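These are my notes from going through one model, entry by entry.

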Amino acid sequence: MSKGLGKIALEKGLVPTSTLVHELGVTKEAIFYYREKNLIPFVMVGKRYYYDLKKVIESLGK
């Protein structure tokens, strides 16, 4: 039985948008904006986005 791609992303240390919102203390809309403007790195798995929290923080200079 194979694992879902979302589970693999989580096992690799990637976090979903909801976790990123919580960790950064910003709105979902802010994350969408950062992603649209390529200000933060992300991976799309199916229709979902995942982020490497450490790399996002570095990208935003926090």
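Entry 1, Asn38. I looked up the exposure of Asn38 and found it exposed, with a relative accessible area of 62%. The model is a predicted one, and I read every value below with that in mind. I placed Asn38 in the loop between H3 and strand S2 (43-45). Its phi is near 55°, which I noted as a positive value in a residue other than glycine.

I took helix H3 (residues 28-36) next and asked which of its residues are buried. Ala30, Ile31 and Arg35 are. I then looked down the axis of H3: the buried residues fall within an arc of 135°, so they line one face of the helix. As background, I wrote down that an α-helix has 3.6 residues a turn, so residues three or four places apart point the same way. On the face of H3 turned away from the buried side I found Glu29 and Glu36, both exposed. I also checked what covers the buried residues of H3, and the cover includes H2 and strand S3 (48-52).

From the H2 side, Thr17, Leu20, Val21 and Leu24 make the contact, and from the H3 side Lys28, Ile31, Phe32 and Arg35 do. Sorted by class, the contact of H2 with H3 has five nonpolar, one polar and two charged residues.

Thr17 sits in helix H2. Not counting residues up to four places away in sequence, I listed Lys28, Ile31, Phe32, Arg35, Tyr49 and Tyr51 as the residues Thr17 touches.

I went on to helix H2 (residues 17-24) with helix H4 (residues 53-60), and read a packing angle of about 50° with the axes 11 Å apart. I therefore put H2 and H4 down as oblique to each other. The crossing of H2 past H4 is right-handed. Which residues meet between H2 and H4? In H2 I found Leu20, Glu23 and Leu24, and in H4 Leu53, Val56, Ile57 and Leu60. By class, I recorded six nonpolar, no polar and one charged residues for the contact of H2 with H4.

Last, I turned to Ala9, which is found in helix H1 (residues 5-11). Ala9 is buried, with a relative accessible area of 5%. Leaving aside neighbours within four places in sequence, I found Ala9 in contact with Leu14, Val45 and Tyr50. I also looked up a C-alpha separation: Ala9 and Asp52 are 43 residues apart along the chain, and their C-alpha atoms are separated by 9.7 Å.

Conventions. Residues are numbered from 1 along each chain as its sequence is written. This is a predicted model: local features need pLDDT of at least 70, side-chain atom pairs count only at pLDDT 80 or more; totals for chains, interfaces and linings use all residues. Side-chain values use heavy atoms; hydrogens and water are left out. Axes are lines fitted to C-alpha atoms, for helices over the stretch in contact, and angles run from 0 to 180 degrees between N-to-C directions. Helices (H or I, at least four residues) and strands (E, at least two) are DSSP runs, numbered from the N terminus. Angles under 35 degrees count as roughly parallel, over 145 as roughly antiparallel, 65 to 115 as roughly perpendicular and the rest as oblique. A crossing is left-handed if the near helix is turned anticlockwise from the far one by less than a right angle, and right-handed if clockwise. Contact means heavy atoms within 4.5 Å. Ala, Val, Leu, Ile, Met, Phe, Trp, Tyr, Cys and Pro count as nonpolar, Asp, Glu, Lys and Arg as charged, and the others, Gly among them, as polar. Buried means under 20% relative accessible area, exposed over 50%, partly exposed in between (1.4 Å probe, protein chains only). The arc is that of the directions from the helix axis to the C-beta atoms.
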